[in-house]
Amino acid sequence: MPTPVPAVPDAKLRALPAPEGHIRLYAGDTAFAARGRASLDPASGHPSPLELLLGALAADLVAGFARHAHRAGMTVHDCELRLEGRLDNPLVALGVVGESGTPAVRSVAGSFYVSGEPGQEPLATLWEYTLAQSTVYATLARSVDLEIQLVPQA
Amino acid sequence: MPAVRPILVGAVIYDPKVAVIWDIITRFFASHGCAMDCVYYTNYELQVEALIQRHIDIAWNSPLAWVDAQRRTQGACSALAMRDTDCDRVTHVLVRTDSGITSAEQLRGRIVATGALDSPQAKLLPIEHLSGLGLDPERDYTVRRHDVLVGKHGDHVGGERDALDDLLAGRADAACVLDLNWALWSADGTADPGQVRVLTSTAPFDHCNFTVTPAFDRARAAHWTRVLLSMDYANPEHREMMDMEGLKRWLPGRATGYDALTRATTAQHFFDEIA
């Protein structure tokens, strides 16, 4: 039996058009801006939809790992997650007439660099637990090739 | 929301990075009170069709797309504007300096490397030029063609670069390369200018232009053209955009630089073969 859809949403967000093709987003008491469409202009000053998607995954994983490490009483000296997303065909995402394929995200690859105290609970165990608990990771894993390596640092 | 539909400009792109240039140009037009949007196409055939069907107002056309649009409208199209670098280009037929080839006549029985089937500068025009020198591609020499991204009319210089590589590696006796590309590749180390020289060059021809049909409102066309021509290379805010598009000045369009290409498409049965 599938779980019934909850009547109360777990997250809410509003989006409104802003000048110069940007989008203004409101979540809770926070407002932030994003680039519209699939613009690749790195100088636009706001994240693209694809960068927001990667950002959601990154925030979920880094925050999750920190939380699980804290609960395990583990000292994390430093950590950094780097992600790269690739589309099935970015030209389709730009609306190029005549292109084949889809605008979907095909793959996300990256590395999670982390350093902690020697002799602690294995970082790999915490990382696996983090992946298993991540909403965004679990959702993307249904349709995207995900390959994020744990890279312990000395 | 705009009350009037923005002017729709078509462009063929093969790399998402190219869209960045058009985003910047679109913002430039918006800041000058001229609403514009871009529609991208994967090849020029689709873009010319869209122009004729009035799905777009203006097409950033390759020279071959211009010839195609003129052919399909019985010469009714106009060229609004073009880059300074689109005017009076030539294609060089290059040979190795140690080849002993000193005249086009000596290409008989040899291999000439070209760009893609539909590259005006790296295939159609140099073949037409050699024909004018009495060399028939089906009878007098072998064409070694590099069909990279056919449909994009040689915008992607990969086929032209492959032709040069053939020459350097000895797989061909001559290679057809646009003057701007030869200037770049002989300066950046791709080819040693001491080992390669220009055997012969085509007559000057024109490259891309912004094309419209008579169906596009004249006043809107004139306004759009005025805004485009107002870009100033001396203005730092404009310079980046103009550098990315490879020009120092936009010029009023002219239709006089495409006669050789028109002859080439007829002589080489280009549109018959494409059809």
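Reader: What makes you say that helix 1 of chain A lies across strand 4 and strand 5 of chain A?

Author: This is a predicted model, by the way. In it, helix 1, residues 49-71 of chain A, lies across strand 4 and strand 5 of chain A. Its direction runs at about 155° to strand 4 of chain A. Helix 3 of chain A, residues 123-133, packs on the sheet too, touching strand 5 and strand 6 of chain A, and its direction makes about 150° with that of strand 6 of chain A.

Reader: How do you know that strand 5 and strand 6 of chain A pair?

Author: Two strands pair if there are at least two bridges between them. Strand 5 (residues 105-116) and strand 6 of chain A have 8 bridges, in the parallel sense, so by that cut-off they pair. Within strand 6 of chain A, A:Pro152 stands opposite A:Val114.

Reader: Why are strand 4 and strand 6 of chain A called edge strands?

Author: The sheet is an open one of 3 strands in chain A, in the order 4-5-6, with mixed pairing. Strand 4 (76-87) and strand 6 (145-152) of chain A each pair on one side only. Neighbouring strands of this sheet are turned by 10° against each other on average, direction ignored.

Reader: What share of chain B is buried?

Author: Buried residues are 43% of the 275 in chain B; to count, a residue needs 20 or more other C-beta atoms within 10 Å of its own.

Note on methods. Residues are numbered from 1 along each chain as its sequence is written. Chains are lettered from A and ligands numbered from 1 in the order in which they are written. This is a predicted model: local features need pLDDT of at least 70, side-chain atom pairs count only at pLDDT 80 or more; totals for chains, interfaces and linings use all residues. Helices (H or I, at least four residues) and strands (E, at least two) are DSSP runs, numbered from the N terminus. Axes are lines fitted to C-alpha atoms, for helices over the stretch in contact, and angles run from 0 to 180 degrees between N-to-C directions. Two residues are in contact if their C-beta atoms, placed from the backbone, lie within 7 Å. A residue is buried if 20 or more other C-beta atoms lie within 10 Å of its own, exposed if 12 or fewer, and partly exposed in between; C-beta atoms are placed from the backbone.
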